[in-house]
Amino acid sequence: MDLSRLLSAKSNIEWCEGVVSRYQYLEHVSEVGNTFTSLLYIVPALLMARRHRRHGLPFWFTYTEFWMCVVGLGSALFHGTESYLGEMLDEVPMSFLALGYLLQIENRHSYCMEGTASWWRIRAFAIGQTVLGWALYWYTHNFEIFKATFTVPLIIATVLLGTAKPPPQGRAMFYLQSVLAISGKTVWVLERYYYSQGTCPTDVWDVTYHLHSYWHIFGALAHYTAQYYQEQQALSTLKLKEDTKNKAGKAA
């Protein structure tokens, strides 16, 4: 199948902006607001990738930022073309991203210590349900299956982060990212409600017209604050290990 046919295949899901203003403002871009706000995902990912590299953090941090950039590009293609190819380039990377949030926590929670049975079980469950979920999603094209598959690793990661020892700076960034994530989910659900009722806002100056764009903005901000908190926590853990090693060396 050539690229033109892949781009012409319709996506599983559509959004209010596409319903009311499909290709209305730009000839080659279906949902202008949703497309360009998707690219905002790339900004915090690049900023955090630079920080992670400077601090010498483990591979999974860079892995997560890479997939966040791919999500931004895929989401822009999805909303710009409303194609099945664009949707897959948005949703598949989102699953890799969700796993990245979880895998970053290695050695920062008692259940996530490298080589332990509990950490093996957590990873096996998260990866296994992702693979199974995608198999079912490919077969059924049921978007609810994708949502559940994407959400499970996020919930596990959030619980582990919230119950792990906080960094010296406290949990402020953790709470902030939680508020941002909940706010984003709220506007996402509201947009889906308008779509399901056939009452999508039609006035571009109506604040509810841009609900899915707000989801992108909240998502980008939640990613930045979540990754900032994970970085603080990781650096605190690394410093503790280094201090313990130095004390052991002096004692010897």
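Which side chains meet in a salt bridge at 3.7 Å, N to O? In this predicted model, they are the side chains of glutamate 106 and arginine 123. The pair links distant parts of the chain, for glutamate 106 lies in the loop between helix 6 and helix 7 (117-140), arginine 123 lies in helix 7, and the two are 17 residues apart. Glutamate 106 is partly exposed, with a relative accessibility of 23%. Arginine 123, at 17% relative accessible area, counts as buried, because the term applies to values under 20%.

The structure holds seven salt bridges, and a network of them links Lys10, Glu14, Arg22 and Glu82. Glutamate 82 is in the loop between helix 5 (59-81) and helix 6 (84-103), whereas arginine 22 is in the loop between helix 2 and helix 3, so the pair ties together parts that are 60 residues apart in sequence. Glutamate 82 itself is buried, at 4% relative accessibility.

According to the unreviewed UniProt entry, the annotation "binding site" covers Trp15, Glu17 and Glu31. These residues are spread over 17 residues of sequence, yet they cluster in space, with a largest C-alpha distance of 8.6 Å. From this set, Trp15 belongs to the lining of the largest pocket.

Tryptophan 15 is located in the loop between helix 1 (3-8) and helix 2, and it is buried, at 3% relative accessibility. Among the residues it touches beyond four places in sequence are Glu31, Phe78, His79, Trp188 and His212. Glutamate 31 is found in the loop between helix 2 and helix 3 and is likewise buried, with a relative accessible area of 1%.

Tyrosine 25 sits in the loop between helix 2 (16-21) and helix 3 (32-38). With a relative accessible area of 45%, tyrosine 25 is partly exposed.

Technical notes:
Residues numbered from 1 in each chain as written. Predicted model: local features only at pLDDT ≥ 70, side-chain atom pairs only at ≥ 80, totals over all residues. Heavy atoms only, no water. Helix = DSSP H or I, 4+ residues; strand = E, 2+ residues; numbered from the N terminus. Buried < 20%, exposed > 50% of the residue type's maximum accessible area, 1.4 Å probe, protein only. UniProt positions renumbered as here; feature names shortened; annotations may be inferred. 1 Å grid on protein atoms, 1.4 Å probe; cavity = no way out; pocket = protein on both sides within 12 Å on 5 of 7 lines; lining within 4 Å. Contact = heavy atoms within 4.5 Å. Salt bridge = Lys/Arg side-chain N within 4 Å of Asp/Glu carboxyl O.
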